[in-house]
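Hello,

Here is the structure I promised to pass on. Have a look at it first, and then read on for what turned up in it.

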Amino acid sequence: MRMLINVAETVVADALRGMAAAHPDLVVDAENRVIVRRDAPVAEKVALVSGGGSGHEPLHGGFVGPGMLDAACPGEVFTSPVPDQMVRAAAAVDSGRGVLFVVKNYTGDVLNFQMAAELAEDEGVQVASVLVNDDVAVTDSTFTAGRRGTGATLFVEKIAGAAAEEGMPLERVEALARRVVESSRSFGVALSACTTPAKGSPTFDLPPGELELGVGIHGEPGRERRAMMTSREIADFAVDAVLEDLEPRLPVLVLVNGMGATPLLELYGFNAEVRRVLDERKVPVARTLVGNYVTSLDMAGCSVSLCQVDGELLRLWDAPVETAGLRWGR
Amino acid sequence: MSDTVLDAAFFVRWMTAAAASVEREAGRLTELDSAIGDADHGNNMQRGFVAVVKVLEADRPEAPGGVLVAAGRQLISSVGGASGPLYGSLLRRSGKALGEAAQVTREELRAGLQAGVDAVAQLGGAAPGDKTMLDALVPAVAALGTSFEEAATAAEEGALATVPMLARKGRASYLGERSIGHQDPGATSSALLFAALAEVAK
């Protein structure tokens, strides 16, 4: 195990202290595990709060700032945060126009955010929630917990964040967030398992020379294991898996996302293959983002997320954003 | 045994024994969770029950119901994941059902725990056979009508019975057929709770 840590127990707290040191425009409460933009609550603005297990950085804390989230609640590694965190965050960012919770579809996140929403409403905060479930690798049926929330979370937080920044009311921001969810799909591939600090050994056993197709972002195994494939073959498989479900009629945003241990050199090469497949399938690309945004600790591999966008969604995607993990415009 | 009355001190001993048991078995719970989940169940339960013991030491409620409500609240505030709300609701709702009585009988405890198990089923949307903690809890609460030992045995057997099941809830459900052949970590920790109950009732 080669990890740049002190002890497993303090990994999250240590990272939060480091974030505080690096980003003076954030208020980082390491004890209560809430990251808030320094100018919150922003007058007359709907606030966005998200959160989830740690280990997916820069998601979510790296997306706190003007144009995106107002607050993020990091849980333990791969463990959803507790309701107390979201209640505290909601109280810190609510300007009186309400709070939107952005929740990735995992049983733990759903239950804890649900409890938090009830508690925050008891305290007089108006709360709406949107569930992100974009991962086509999971069959969405009554026999599973439903599709997981993965890369599309970035699309939702960016676009809904821009809508809130423009002063839209809670119902509009919520409706836009839902539209982004409905317009987005993702598929992930692991070339290696990841190692949680607490366990110290890989979360699943993936022999060299094999890859896991349809992997999640918590080191949970995927649906199918195959002999190692080329970047070209993986792009064909992943993009087709997404397109089979999305069938876009509009141009798409493309997120080629690294899982944490795959170099940008390889991710850009993979993006070239993703573009080739999209060209072959006659899907026009509106914007592309390549990098490590929704990671899974030290897992090697990547995911592809597509979001079909009309003029309004594209305008909100292009709107200025100033966060640690995503920054453009102005 | 059926006439035994259980007071708040008994419930504190139960929670303390459960904490010790979770501490002992944390490695095994995490190991089971790494096969079909995300390898954190042991650590999360350990963190939660350490917090429960601490809060009960600091402020000991006077009624059995109060002990379970305080323990449940603490689990919700400290565990996270799905286990936090599910175990937290189990204890909190059981405690609420026991009310403010200073002493309860085994039968009253059984009825209280039944309310807690119903809350878990409602919150998680699961049913017995879905390879979840309910597969240990439901038979255990039923057997508590007979004795503490029978309840512990039923919980343990219920946990073992999850091995051939196909997971339909929680993270293990993503695995589909590949979830078969592994014991459910949540059912396993539920069995620890009933083993601890039988231990302190001896």
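A definition before the sheet: two strands count as paired if DSSP finds at least two bridges between them. Please also keep in mind that this is a predicted model.

**The sheet in chain A**

With that rule, six strands of chain A make up an open sheet with mixed pairing, and their order is 1-2-4-3-5-6. Strand 1 (26-29) and strand 6 (127-132) of chain A are at the edges; each has a single partner strand, so one side of each lacks a neighbour in the sheet. On average, neighbouring strands of this sheet are turned by 20 degrees against each other, direction ignored.

Strand 3 (residues 47-54) and strand 4 of chain A run parallel and are joined by five bridges.

**Where the two chains meet**

The contact involves 36 residues from chain A and 31 residues from chain B. Between the two chains, about 2,500 Å² is buried, and carbon and sulfur atoms give 56% of that area.

How many salt bridges are there between chain A and chain B? The count is one, and it joins the side chains of Glu212(A) and Arg178(B), at 3.0 Å from N to O. Six residue pairs are in polar contact between chain A and chain B, both residues being at pLDDT 80 or more.

On the side of chain A that touches chain B, at least two residues each come from strand 4 (71-77), helix 2 (83-93), helix 3 (107-122) and strand 9 (224-227). Helix 3 of chain A gives the most, with six residues. By class, this side of chain A has 13 nonpolar, 14 polar and nine charged residues.

**Salt bridges overall**

Over all chains, the whole structure has 26 salt bridges. One to look at is Arg17(A) with Asp14(A), whose closest N and O atoms are 2.9 Å apart. These two residues lie three apart in helix 1 (residues 11-22) of chain A, so about one helical turn separates them.

Happy browsing, and best wishes

Conventions:
Residues are numbered from 1 along each chain as its sequence is written. Chains are lettered from A and ligands numbered from 1 in the order in which they are written. This is a predicted model: local features need pLDDT of at least 70, side-chain atom pairs count only at pLDDT 80 or more; totals for chains, interfaces and linings use all residues. Side-chain values use heavy atoms; hydrogens and water are left out. Contact means heavy atoms within 4.5 Å. Buried area is the accessible area (1.4 Å probe) that two parts lose on being put together, summed over both. A salt bridge is a side-chain nitrogen of Lys or Arg within 4 Å of a carboxyl oxygen of Asp or Glu. A polar contact is a pair of N or O atoms within 3.5 Å; within protein, one must be able to donate a hydrogen and the other to accept it, and residues adjacent in sequence count only if both atoms are side-chain atoms. Helices (H or I, at least four residues) and strands (E, at least two) are DSSP runs, numbered from the N terminus. Ala, Val, Leu, Ile, Met, Phe, Trp, Tyr, Cys and Pro count as nonpolar, Asp, Glu, Lys and Arg as charged, and the others, Gly among them, as polar. Axes are lines fitted to C-alpha atoms, for helices over the stretch in contact, and angles run from 0 to 180 degrees between N-to-C directions.
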